[in-house]
Amino acid sequence: MGFRIVPMDTALADEVRTTLRAPGYGHPAWREVPTEAAPCRVCLDAIEPGREALIAFTYDPFREREDVPLPGPVFVHERRCEPYAEPGVYPARLGRSGLLLNCYGDGRRLVLAHRVAHADAEPALDELLARPDVDYIHVRSATAGCYLCTALPD
Ligand SMILES: [Zn+2]
């Protein structure tokens, strides 16, 4: 058994790029050119500081999965980008300062929260998703705390 990383839905990101409103909330989204590299939640690569624009908005990673939300700020490229799709591979430039793996069971039950270095993400995801009580993992930045992506068993 392995894992696959699931990025934000492309249609949802496109909606925000068009409306500049947070999906489900209606709060204003905003555009800026970052001064430091920021992680795009669609391609799961860096938005290059000084060269590319981002759209920032409020996002609930439990959207369409659980009925109690946990919204927070996220970024996507302002331009369209290709959604990440590399089964069994953790994105090379996502969460380089460390990851918090929030492991959930069905019903939004937090089974455990595990902090790992970026280099240790792949074996940790394999091991945690093999547990019978873990259904999915929300990967967050261990430093900023923000949601990065979801990991599912493959
Ligand atoms: Zn992107």
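What arrangement do the 4 donor atoms around the zinc ion form, and why? In this predicted model, the donor atoms subtend angles of 103 to 118 degrees, which makes the arrangement tetrahedral. A tetrahedral site requires all angles to lie between 85 and 135 degrees. The protein donors are C40 (SG), C43 (SG), H77 (ND1) and C81 (SG). They lie 2.0 to 2.3 Å from the zinc ion. Along the sequence, the donor residues follow the spacing C-x2-C-x33-H-x3-C. One pair among them, C43 and H77, links distant parts of the chain. The two residues are 34 residues apart. C43 belongs to the loop between strand 3 (38-39) and strand 4 (46-47), whereas H77 belongs to strand 6 (residues 72-77). Both C43 and H77 are buried.

The surroundings of C43 were examined next. C43 has a relative accessible area of 14% and therefore counts as buried, the limit being under 20%. Beyond its neighbours within four places in sequence, C43 is in contact with H77, C81, E82, P83 and Y84. Two of these contacts, H77 and C81, are also donors of the zinc ion. C43 and M8 are 35 residues apart along the chain. Their C-alpha atoms are separated by 8.6 Å.

Strand 6, which holds H77, is part of an open sheet of 3 strands. The strand order is 2-5-6, and the pairing is antiparallel. Strand 2 (30-32) and strand 6 stand at the edges of this sheet. Each has a single partner strand, so one side of each is left without a neighbour in the sheet. On average, neighbouring strands here are turned by 35 degrees against each other, direction ignored. Strand 5 (residues 54-59) is joined to strand 6 by 6 bridges, and the two run antiparallel. In this pairing, F57 has V74 of strand 6 as its bridge partner.

At the level of the whole protein, two domains are assigned. Domain 1 covers residues 3-77, and domain 2 covers residues 99-153. Their centres, taken over C-alpha atoms, are separated by 19 Å. Contact between the domains involves 17 residues of domain 1 and 20 residues of domain 2.

A second open sheet has 5 strands, in the order 1-10-9-7-8. Its pairing is antiparallel. The edges are taken by strand 1 (3-6) and strand 8 (109-116). Each of these has a single partner strand, so one side of each lacks a neighbour in the sheet. Neighbouring strands are turned by 25 degrees against each other on average, direction ignored. Strand 1 pairs with strand 10 in the antiparallel sense, over 4 bridges. Within strand 10, A151 stands opposite I5.

Strand 10 (residues 147-153) is also joined to strand 9 by 4 bridges, and these two strands run antiparallel. Strand 10 is mostly covered, with 6 of its 7 residues buried. R140 stands opposite Y147 in strand 10. H138 has T150 of strand 10 as its bridge partner.

H138 was considered in more detail. This residue lies in strand 9 (residues 136-141). Is H138 buried or exposed? H138 has 0% relative accessibility and therefore counts as buried. Leaving out residues up to four places away in sequence, H138 touches P61, F62, L100, L101, N102, Y104, Y147, C149 and T150.

The hairpin has 5 residues between the strands. There, G145 takes a positive phi near 85 degrees. A144 is also placed in the loop between strand 9 and strand 10. With a relative accessibility of 60%, A144 counts as exposed, because the cut-off is over 50%. A144 and G95 are 49 residues apart in sequence. In space, they are 9.4 Å apart, C-alpha to C-alpha.

Technical notes
Residues numbered from 1 in each chain as written. Predicted model: local features only at pLDDT ≥ 70, side-chain atom pairs only at ≥ 80, totals over all residues. Heavy atoms only, no water. Donors = N, O, S within 2.8 Å, 3.2 Å for Na, K, Ca; no water. Tetrahedral: all angles 85-135°; square planar, octahedral: opposite > 155°, others 65-115°. Buried < 20%, exposed > 50% of the residue type's maximum accessible area, 1.4 Å probe, protein only. Contact = heavy atoms within 4.5 Å. Pairing = 2+ DSSP bridges. Axes fitted to C-alpha atoms, helices over the stretch in contact; angles between N-to-C directions. Domains from an automatic or database assignment.
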